[in-house]
Amino acid sequence: MAIRFPSDEWIKELSRQLNASESYERSAKDWEGDFVFIVEPDASYPDTAYLFLGLYHGKSPDAMMIANKDEREAAFVIAAPFSTWRQVIEGKLDPIQGMMTKQLKLSGDMMKVMRYPKAAKEIVSCCALVPTDFGD
Amino acid sequence: MWYFVSPQIVFGAGALDALDELSGRRALIITDETLVELGLVDRVKAHLTQAGIESHIFAAVEPDPSVDTVRRGVQAAQDVAPDWIVGLGGGSPMDAAKAIWVLYERPDLEPAAINPFIPLNLRQKARLITIPTTSGTGAEVTWAIVLTDTDEQRKMGLGNRENVADIAIIDPEMAAGMPPRLTADTGLDALTHAVEGHTCAWHTDITDGLCVSAARLILSYLPRAVADGSDMEARERLHNAATCAGLGFGNAMASMAHAMGHVLGAVFHVHHGRAVALFLPYTIEFAAREAPQRFAELANLLGCSTAAGEEGARALATCLRDLYRQIGNPTSVAEEGVAREAYEAQVDKLVDDAFNDTQMITAARAPSFDELRQLFLYAYEGRPVDF
């Protein structure tokens with residue numbers, strides 16, 4: 001059954017997919033830095049949502065939907081409207097290109113992210129493995 | 001949404017005369033010792049003098065410039081306080097010039113912080129001119145900066161759209177003295193830019209034509225320029241082709257052959273153009289099984305094949321290897337002279353570092369770790385890719 005995006009269940013399923021991915025584990029073996037994804041309102045989604053994804057040494061030890069971006073400390077915050085996140089999850093927008101064109105706004109050490117392009121790609125691949133309901 | 005950035009481009013025989021029309025007080029020429037000895041720096045200085053601009057020279061740029069070299073160049077810029085910075089040479093001096101310019105303008109930044117995500121607000125103190133003396137890197141028109149972290153034996157891909165040059169001067173006379181080997185290696189660098197710019201996941205309608213045009217010119221004129229360096233028609237068309245390829249891939253992206261070539265160059269000190277070109281046919285064959293369309297289309301456009309799909313894509317790889325043999329370039333890592341034992345000892349590092357190269361993300365077919373390892377091993381042996 002498809003899981004609604006954004007939701008606590010969705011981010012937990014992404015975390016589970018990452019923990020099952022050998023390719024992600026190897027590509028992010030030295031990675032340290034948690035993320036908060038902010039889903040901003042647009043014509044397709046009226047609310048603001050905050051998704052926390054813990055990432056440490058190729059694993060995702062923790063993930064949850066949170067009430068605001070300060071509820072959990074994170075090294076990286078990425079904000080974008082709902083429809084832009086949808087494009088990323090569906091593989092229609094490369095997240096690096098999205099950041100370069102400011103469609104995705106990243107706060108944090110951007111060069112650190114750029115040093116792990118394979119890991120970024122693996123996260124997107126894992127997103128595609130989550131059966132997602134966008135509320136259409 | 002995407003961007004296309006370019007300097008003003010002055011090209012053709014006599015293009016260096018454009019320097020005579022500049023306004024300014026002081027210029028800092030970033031270059032290397034060889035170009036000083038060859039008299040090319042004096043030619044640029046003469047034009048700047050004609051424009052009433054005082055020239056200073058920083059000629060300490062080495063191949064694969066290091067962060068330390070860039071820091072010394074920034075100090076030179078701070079001492080001279082130029083209003084023009086001139087990057088004169090191949091990719092290394094031009095990349096160093098871009099980095100020196102950025103850090104002269106923004107002394108608050110570390111070199112590693114030059115990235116596409118922040119506003120730099122350049123052009124407060126100086127502007128940048130690039131003058132290539134090789135026909136290959138396209139660095140005269142791209143905003144990419146490659147520096148070497150000598151401690152980690154790793155190349156750092158830096159850059160920001162703002163740090164593209166203001167003016168690029170594409171004068172074939174400046175490349176006329178290149179020896180055959182350098183002509184071949186740099187020409188193949190440009191060809192790899194053209195092919196990867198056309199076939200990578202980030203290719204665009206705006207850049208496709210530039211890449212095809214560049215590839216056509218290189219296939220036609222590179223053998224002539226290698227065979228006879230005094231063939232100025234071939235030199236000029238090749239010089240233009242390298243700039244077209246630079247505009248093409250610089251506004252799209254390079255891809256897997258660059259990621260693999262970068263790490264081979266960093267670890268075994270193989271010339272950049274030779275390294276990236278060497279891997280290109282293997283990456284095409286790897287993509288051919290699952291994503292052949294763009295490669296087959298390019299093979300058709302270049303007259304390599306009329307076949308579609310995997311057959312067309314593989315024909316492009318064959319076409320490239322034929323060119324390499326014609327101009328005396330290696331088609332395998334073994335032919336390049338890298339020792340098998342040393343290569344195999346480093347292959348895991350090559351795989352990990354290639355995956356962490358930003359060019360890898362645009363691969364038409366994304367490899368797994370095992371597939372990339374196999375690709376490196378096939379490229380060593382010269383075995384056509386069959387997986």
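Guide: Let's start at Pro179(B), which sits in the loop that joins β8 (167–170) to α5 (180–199) in chain B. Helices (H or I, at least four residues) and strands (E, at least two) are DSSP runs, numbered from the N terminus. Please keep in mind that this is a predicted model, where local features need pLDDT of at least 70 and side-chain atom pairs count only at pLDDT 80 or more, while totals for chains, interfaces and linings use all residues. Residues are numbered from 1 along each chain as its sequence is written, and chains are lettered from A and ligands numbered from 1 in the order in which they are written.

Is Pro179(B) buried or exposed? It counts as exposed because it has 9 C-beta neighbours inside 10 Å. The cut-offs are these: a residue is buried if 20 or more other C-beta atoms, placed from the backbone, lie within 10 Å of its own, exposed if 12 or fewer, and partly exposed in between. Along the chain, Pro179(B) and Gly229(B) are 50 residues apart, yet their C-alpha atoms are 7.2 Å apart in space.

Now look at how chain B is divided around this spot. Its domain assignment gives domain 1 (8–175) and domain 2 (180–381); such bounds come from an automatic or database domain assignment. Taken over C-alpha atoms, the centres of these two domains of chain B are 26 Å apart. Where they meet, 26 residues of domain 1 of chain B are in contact with 27 residues of domain 2 of chain B, contact meaning that the C-beta atoms of two residues, placed from the backbone, lie within 7 Å. On the domain 1 side, the elements of chain B that give two or more residues are β1 (8–11), β6 (144–149), β7 and β8. The most comes from β7(B), with three residues. By class, that side of domain 1 has 11 nonpolar, 12 polar and three charged residues. Here Ala, Val, Leu, Ile, Met, Phe, Trp, Tyr, Cys and Pro count as nonpolar, Asp, Glu, Lys and Arg as charged, and the others, Gly among them, as polar.

Other loops of chain B deserve a stop too. Gly303(B) is in the loop between α10 (293–301) and α11 (309–326) of chain B, and it counts as exposed because it has 10 C-beta neighbours inside 10 Å. Gly303(B) and Asp95(B) are 208 residues apart in sequence and 34 Å apart in space, C-alpha to C-alpha.

Next come some backbone details. Most residues other than glycine have a negative phi, and most peptide bonds are trans. Ala81(B), however, has a positive phi of about 55°; you will find this residue in the loop between α3 (67–80) and β4 (84–89) of chain B. Because it has 13 C-beta neighbours inside 10 Å, Ala81(B) counts as partly exposed. Arg123(B) also has a positive phi, near 70°, and belongs to the loop between α4 (91–105) and β5 (127–132) of chain B. With 12 C-beta neighbours inside 10 Å, Arg123(B) counts as exposed. In chain A, the peptide bond from Phe5(A) to Pro6(A) is cis, with omega near -5°, and Pro6(A) is in the loop between β1 (3–4) and α1 (8–19) of chain A.

Finally, see how the two chains meet. In all, 16 residues of chain B are in contact with 18 residues of chain A. The chain B side of this meeting has 12 nonpolar, four polar and no charged residues. Among the buried residues of α13(B) are Tyr343(B), Leu350(B) and Phe355(B). At Gln346(B), α13(B) bends by about 50°, the bend being the angle between axes fitted to the seven residues ending there and the seven starting there.

As for chain A itself, it has six helices and seven strands. Of its 136 residues, 40% count as buried. The C-alpha atoms of chain A fill a box of roughly 40 × 35 × 30 Å along the principal axes.
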